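Here's a quick tour of one protein model, written for someone new to reading structures. Have the picture open while you go through it.

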Amino acid sequence: FRQDAKVILKSSDEDVYRVMEQKAPKWQQEDGKAGPPKAVEHVFDALMGNLRELATVESAADGSEIASLHLSGSQIPAIANALGTLAASKAVDHSGWEHASEADGETPLFTMAHQNANMPKLTDKIKVEKIDLDAKITPDKVLEWQTADIRISGTDDAGKEHELALLLRIDFSEFNATTPERIDLTGKKTKEIRHDGPKRGWNQ
């Protein structure tokens with residue numbers, strides 16, 4: 001369990017609850033404000049470039065908003081092209097998207113539609129041509145759905161040019177519907193665990 005700034009551990013074969021005070025990293029305590037160090041923020045800004053300026057938000061009559069970020073050509077950062085190479089590979093090898101096996105009775109987190117489709121395998125000159133990201137935000141400032149349309153071009157082993165279209169839609173629902181389980185330590189046997197840093201290990 002993690003609650004009230006504590007980490008509580010218990011083995012199933014004993015009745016003792018081991019409790020460790022959870023302290024925020026030093027960089028989260030600077031100026032009493034939570035967040036990454038200033039140096040990390042500068043790195044984020046450098047990676048994002050002017051993407052924030054390219055994003056748009058349109059208001060609808062019902063109070064909802066549509067947030068969009070459409071990129072093409074030189075607007076696409078280098079890191080996106082690197083990720084595009086990976087995405088193109090996953091699109092062909094659909095098993096790479098699955099995080100569970102249907103044979104095991106589980107539902108894969110990601111599955112490719114039309115898995116038997118004869119999709120070209122891009123091996124050279126892979127480039128992200130376009131990225132369209134759209135999302136709907138409800139009047140209560142809750143994300144309702146998000147879509148991504150990514151177009152990737154490249155050539156196969158034979159030198160033939162292809163363009164892949166990767167389409168993704170995610171719908172969100174039942175926000176704030178989960179009630180986290182808590183442990184009441186009243187009357188229970190507890191033992192404090194001290195953590196003196198990674199070099200010295202854990203002490204009891």
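**Salt bridges, strands and a core**

With a relative accessible area of 52%, Asp171 counts as exposed (buried means under 20% relative accessible area, exposed over 50%, partly exposed in between, using a 1.4 Å probe and protein chains only). A heads-up before we go on: this is a predicted model, where local features need pLDDT of at least 70 and side-chain atom pairs count only at pLDDT 80 or more, while totals for chains, interfaces and linings use all residues. Residues are numbered from 1 along each chain as its sequence is written, and side-chain values use heavy atoms, with hydrogens and water left out.

**Salt bridges**

- Searching the whole structure turns up nine salt bridges (a side-chain nitrogen of Lys or Arg within 4 Å of a carboxyl oxygen of Asp or Glu).
- One of them pairs Asp171 with Arg169, whose closest N and O atoms are 3.0 Å apart; Arg169 is partly exposed at 48% relative accessibility.
- Another joins the side chains of Asp4 and Arg182, at 2.8 Å from N to O.
- That pair links distant parts of the chain, 178 residues apart: Asp4 sits in the loop between β1 (2–3) and β2 (6–9), and Arg182 in the loop between β8 and β9 (189–192).
- Asp4 is exposed, because its relative accessible area is 51%.
- Lys130 and Asp132 also meet through their side chains in a salt bridge (3.5 Å, N to O).
- In that pair, Lys130 is partly exposed at 28%, whereas Asp132 counts as buried at 14%.

**Strands and hairpins**

- Strands here are DSSP runs (E, at least two residues), numbered from the N terminus, and two strands pair if DSSP finds at least two bridges between them.
- β6 and β7 (residues 143–155) run antiparallel and are joined by 11 bridges; across this pairing, Leu133 stands opposite Ala148 in β7.
- The hairpin of β6 and β7 has five residues between the strands, and Lys141 there takes a positive phi near 65 degrees.
- β7 and β8 run antiparallel too, with 11 bridges joining them; here Gln146 stands opposite Ile170 in β8.
- Five residues also lie between β7 and β8 in their hairpin, where Gly159 in the turn has a positive phi of about 85 degrees.

- Which residue's side chain makes a polar contact with the side chain of Lys141? It's Glu65, at 3.5 Å (a polar contact is a pair of N or O atoms within 3.5 Å; within protein, one must be able to donate a hydrogen and the other to accept it, and residues adjacent in sequence count only if both atoms are side-chain atoms).
- Glu65 belongs to strand β5 and is buried, with a relative accessible area of 18%.

**The nonpolar core**

- The largest nonpolar core has 11 residues, including Leu51, Leu69, Ile76, Val128, Ile152 and Leu166 (such a core is a set of buried Ala, Val, Leu, Ile, Met, Phe, Trp, Tyr and Cys residues joined through side-chain atoms within 4.5 Å).
- β5 (65–72), β6 (124–137) and β8 each supply at least two residues of this core.
- In soluble globular proteins, nonpolar side chains tend to be buried together.

**Leu168**

- Leu168 lies in strand β8 (residues 161–171).
- Is Leu168 buried or partly exposed? Leu168 counts as partly exposed, because its relative accessibility is 42%.

Terms used: Helices (H or I, at least four residues) and strands (E, at least two) are DSSP runs, numbered from the N terminus.
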